[in-house]
Amino acid sequence: MDGKVLRIIEKHGNDDSKLLAILHDVQDEFGYIPEDAIKVIAKELGMKKGEVYDAASFYSFFRFKPEGKHEVMICDCIVCHIKGSERIIERIEKEFGVNMGETTNDGKFTFKVVEGLGHCEHSPVMMLDGKIYGDLTPEKAVEILRGCE
Ligand code: FES
């Protein structure tokens with residue numbers, strides 16, 4: 001991994017003003033920003049690891065864990081919201097021990113809240129690995145997710 005990170009830094013130059021561009025490329029390469037990459041970046045740019053981490057965590061775009069095996073998007077746009085998406089979100093967060101936007105510790109799910117999945121007639125709606133599930137209740141959502149391999 002170090003070689004790939006070094007090549008990215010070389011492309012942008014060992015300059016802390018290029019930190020964000022470097023972080024973007026590292027995330028594109030690995031799908032997230034690995035701890036080891038932060039170490040290499042800090043060393044090469046003459047920064048402290050904490051400074052690199054602080055700069056990266058300022059932007060919600062950067063991830064520090066790989067995406068989960070299953071991507072779950074829960075719609076919280078107006079119609080889904082009126083029909084109870086908030087209760088579904090709360091139940092999932094409790095059941096799986098995560099906040100929206102995070103990946104479960106076992107790497108199985110990454111949960112995201114999105115605005116509009118285009119199936120309002122079946123709201124509240126979630127998308128699991130690209131497939132839509134509608135007319136959800138908190139219980140039904142958890143049951144579907146628990147049924148995932
Ligand atoms: S508001 Fe959620 S799918 Fe339309």
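Reader: Where is the place of Asp129?

Author: Asp129 is placed in the loop between S3 and strand S4 (131–133); strands (E, at least two residues) and helices (H or I, at least four) are DSSP runs, numbered from the N terminus. The model is predicted, so local features need pLDDT of at least 70 and side-chain atom pairs count only at pLDDT 80 or more, while totals for chains, interfaces and linings use all residues. Residues are numbered from 1 along each chain as its sequence is written, and side-chain values use heavy atoms, with hydrogens and water left out.

Reader: What phi does Asp129 have?

Author: Asp129 has a positive phi of about 50°, although it is not a glycine. Asp135, also not a glycine, has a positive phi of about 50° and lies in the loop between S4 and H7.

Reader: Which residues of H6 are buried?

Author: An α-helix has 3.6 residues a turn, so residues three or four places apart point the same way. In H6, the buried residues (under 20% relative accessible area, with a 1.4 Å probe and protein chains only) are Ser85, Ile88, Ile89, Ile92 and Phe96. Seen down the axis of H6, the buried residues fall within an arc of 100° (taken from the directions from the helix axis to the C-beta atoms), so they line one face of the helix. On the other side of H6, Arg87 and Lys94 are exposed, that is, over 50%.
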